[in-house]
Amino acid sequence: MSKETITTDEQAQAEALEKEQAAQPDPEVYTHKFKRPFTYENKTVERLDFDFGALTGEDTIAIEAELNHRLKSLMYPHLSWEFMTLMAVRACTTRGANDLRIVDERFLKALPMRDYNCIVGAARNFLLSPVL
């Protein structure tokens, strides 16, 4: 095998990897679109937007403090539904007409199971995605 062939193969592999990574959704942002508008406590949404990349270490500490207050300690936050629910609440950028937050923990827990699991799954994907 010639040196030129190896270089060409490596270049093709690198290009294929770049295309694969470009096809992957950005784990820092997530938009959840509902099949039917969801209404909870007179708040109706057709979609929710999340910016997990905007969260900081302070958010992690605040979420952990809230769970400790509830007498729940965590060994692995990425495996905790409650941690990821609170994380999603903090990451949600969707606001009401008065520019106030419309999503809280009760709102997310009231979602249909499939929608809730998609949102919490996006939080988990963000936590488990490699940092590049």
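**View 1. The largest nonpolar core of the predicted model brings together 28 residues.** Let's start inside this predicted structure. Within the core, the residues with the most contacts are L48, F50, F52, V103, F107, L108 and L111. Two or more residues come from each of β1 (29-40), β2 (43-51), α2 (57-69), α3, α4 and α5 (113-128). Helix α3 is the top contributor, giving seven residues.

**View 2. F107 and its partners from elsewhere in the sequence.** Zooming in on F107, we find it touching F38, Y40, K43, V45, L48 and I102, once residues up to four places away in sequence are set aside. L48 and F107 are both among the core residues with the most contacts.

**View 3. T94 sits in the loop between α3 (81-91) and α4 (105-109).** A polar atom of the T94 side chain lies 2.8 Å from the backbone nitrogen of D49. Beyond its neighbours within four places in sequence, T94 is in contact with R47, L48, D49, R101 and I102.

**View 4. Stepping back to the protein chain, with its five helices and two strands.** From the N terminus, the order of elements is α-β-β-α-α-α-α. Of the 132 residues, 28% are buried. Among contacts with a separation of 6 or more, 56% link residues 24 or more positions apart. The accessible surface comes to about 9,400 Å², and carbon and sulfur atoms account for 53% of that area.

Notes
Residues numbered from 1 in each chain as written. Predicted model: local features only at pLDDT ≥ 70, side-chain atom pairs only at ≥ 80, totals over all residues. Heavy atoms only, no water. Helix = DSSP H or I, 4+ residues; strand = E, 2+ residues; numbered from the N terminus. Buried < 20%, exposed > 50% of the residue type's maximum accessible area, 1.4 Å probe, protein only. Contact = heavy atoms within 4.5 Å. Areas by Shrake-Rupley, 256 points an atom, 1.4 Å probe, with all protein chains shown as cover. Polar contact = N/O pair within 3.5 Å; in protein donor to acceptor, adjacent residues only side chain to side chain. Core = buried A, V, L, I, M, F, W, Y, C linked by side-chain atoms within 4.5 Å.
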